[in-house]
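Visitor: I'd like to learn how to read a protein structure. Could you walk me through one, feature by feature?

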Amino acid sequence: MVNRRRNGSRANGNAGRGGVKSQQQQQCKRPPKALREPAIFAKKSGIASDSPHDKVTLAQARRGTPAHRPVRVYADGIFDLFHSGHARALMQAKNLFPNTQLIVGVCSDALTHQYKGYTVMTEDERYEALIHCRYVDEVVRDAPWTLTPEFLKKHRIDFVAHDDIPYTSAGSDDVYKHIKEAGMFVATQRTEGISTSDLITRIVRDYDVYVRRNLQRGYTARDLNVGFINEKKYRLQEQVDRMKETVRTVEEKSKHLVHRVEEKSHDLILKWEEKSREFIGNFLKLFEPDKAWHMIQQRSGRVLQALSPYGSPHASPSTSPTRGRSTSPPSHWPILRFRSPPPKGDSISSSEGDDEEKYGL
């Protein structure tokens, strides 16, 4: 009986531990909040509740807290020209603990202009930008520049999230020094390469470009606080750039056309060379012994021999038709004899004798 009771108590204890673990796992793996509505604005009076706010340690927060007791993490800033660096910092703050409720404090224009400088966006625009960030659960308007114990207690803040770089402002070497000493500070990482100051620097550096951009989009010189002469200068620069773009486009098209012509001409040259080789090869084949040109020469020689009026003598040692021809006229041709008149005083017989001797008769 004792062993059974002990085993039963052990089983109940294990079951209880397993139930606690499963409950914590369910809390850690709860489904994300539906993104249907923007975050709420915090009341100036803070959270009106009579229930005590139990202090949560960093270890307890990392293990996970019950669903009804989220860890309230506070992150503050100016959030001017809200960009990806801001969003990534808030994402890190939201994901610090399994059950986190993120409260974001946004400083007013008056406070920001006093301690940091002028902003591009108004405070209302910055408030609206924050409540539409998916990681934010609550936005505190007109947040203080330095956090006080009263403010932390009023909004029931458990931890403060910010990058670990000392923030020198308002006569202090680090406005979060007392938060770090109290063990309520949780560090996040800055996003390199992007900041509000960097964005403003880009606009100032390329001021002329953005002025021309807005003039092109319909803004007047008065809206941009640009004088008459500068306006004409920007308009002229815009026309010059358009002409350059047109020339560049024509050059690109011309290069493309020339390239196509070169390709076509190259193809034509290759085809011409191929046809020329084929023609020359066929022409040279005509002079081979068994080809048509040799046969034509043989036939033409036979035809000429048949049409020739001279016959070759049988006893001639030459076989050539031209060399075998007789140089003396044939016997049936008549012999023409020319007689010159006799000289005076000579007899007719002597002249006849001379003629016969002359012609070998």
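Visitor: Let me start with β2: which residues lie on one side and which on the other, and are they buried or exposed?

Guide: Some ground rules to begin with. This is a predicted model, where local features need pLDDT of at least 70, side-chain atom pairs count only at pLDDT 80 or more, and totals for chains, interfaces and linings use all residues. Residues are numbered from 1 along each chain as its sequence is written, and side-chain values use heavy atoms, with hydrogens and water left out.

Guide: Next, the words. Buried means under 20% relative accessible area, exposed means over 50%, and partly exposed is in between, with a 1.4 Å probe and protein chains only. Helices (H or I, at least four residues) and strands (E, at least two) are DSSP runs, numbered from the N terminus. Now your strand: Val-71, Val-73, Ala-75 and Gly-77 sit on one side of β2, with Arg-72, Tyr-74 and Asp-76 on the other, and all are buried. That makes seven of seven residues buried, so β2 is mostly covered.

Visitor: And what about β5, how many of its residues are buried?

Guide: Five of the five, so β5 is largely enclosed by the rest of the structure. Phe-159, Ala-161 and Asp-163 point one way, while Val-160 and His-162 point the other way.

Visitor: How many helices and strands does the protein have?

Guide: There are twelve helices and six strands. Of the 361 residues in the protein, 26% are buried.

Visitor: In what order do the strands line up in the sheet?

Guide: The general idea is that strands of a sheet pair through backbone hydrogen bonds, either parallel or antiparallel. We say two strands pair if DSSP finds at least two bridges between them. Here six strands make an open sheet with parallel pairing, and the order is β1-β4-β3-β2-β5-β6. At the edges are β1 (40–41) and β6 (185–188), each pairing on one side only.

Visitor: How many bridges join β2 to β3?

Guide: Seven, and the two strands run parallel. For one spot to look at, find Arg-72, which stands opposite Gln-101 in β3. Then hop along the sheet: β3 (residues 100–106) is joined to β4 by four bridges, and Val-104 has Val-139 of β4 as its bridge partner. In the other direction, β2 pairs with β5 over two bridges, where Tyr-74 stands opposite Val-160.

Visitor: Which strands does helix α3 lie across?

Guide: For this you need contacts, meaning heavy atoms within 4.5 Å. You also need axes, which are lines fitted to C-alpha atoms (for helices over the stretch in contact), with angles from 0 to 180 degrees between N-to-C directions. Helix α3 (residues 84–94) lies across β2, β3, β5 and β6, and runs at about 145° to β3. Helix α5 packs on the sheet too, touching β1, β3 and β4, and its direction makes about 170° with that of β3.

Visitor: How many aromatic pairs does a search of the whole structure find?

Guide: A pair of aromatic rings is described by the distance of the centres and the angle of the planes. Rings of Phe, Tyr and Trp (its six-membered ring) pair if their centres lie within 6.5 Å; planes under 30 degrees apart are stacked, over 60 edge-to-face, and the rest tilted. The search finds five pairs. One of them is Phe-79 with Phe-82, tilted, at 6.4 Å centre to centre and 40° between the planes. Phe-79 is buried at 7% relative accessible area, whereas Phe-82 is partly exposed at 27%. Tyr-176 and Phe-185 form a tilted pair as well, at 6.0 Å and 50°, and both residues are buried.

Visitor: Which charged end sits over the ring of Phe-185?

Guide: A charge counts as over a ring if NZ of Lys or CZ of Arg is within 6 Å of the ring centre and within 35 degrees of the ring normal. For Phe-185 it's Lys-180, 5.0 Å from the centre. Likewise, Arg-141 lies over the face of Phe-41, 4.1 Å from the ring centre.

Visitor: Last one: where is Asp-137 found?

Guide: Look in the loop between α5 (123–131) and β4 (138–141). Asp-137 counts as buried because its relative accessibility is 13%. Its side chain makes a polar contact of 2.6 Å with that of Lys-94. A polar contact is a pair of N or O atoms within 3.5 Å; within protein, one must be able to donate a hydrogen and the other to accept it, and residues adjacent in sequence count only if both atoms are side-chain atoms. A polar atom of the Asp-137 side chain also lies 2.9 Å from the backbone nitrogen of Leu-102.
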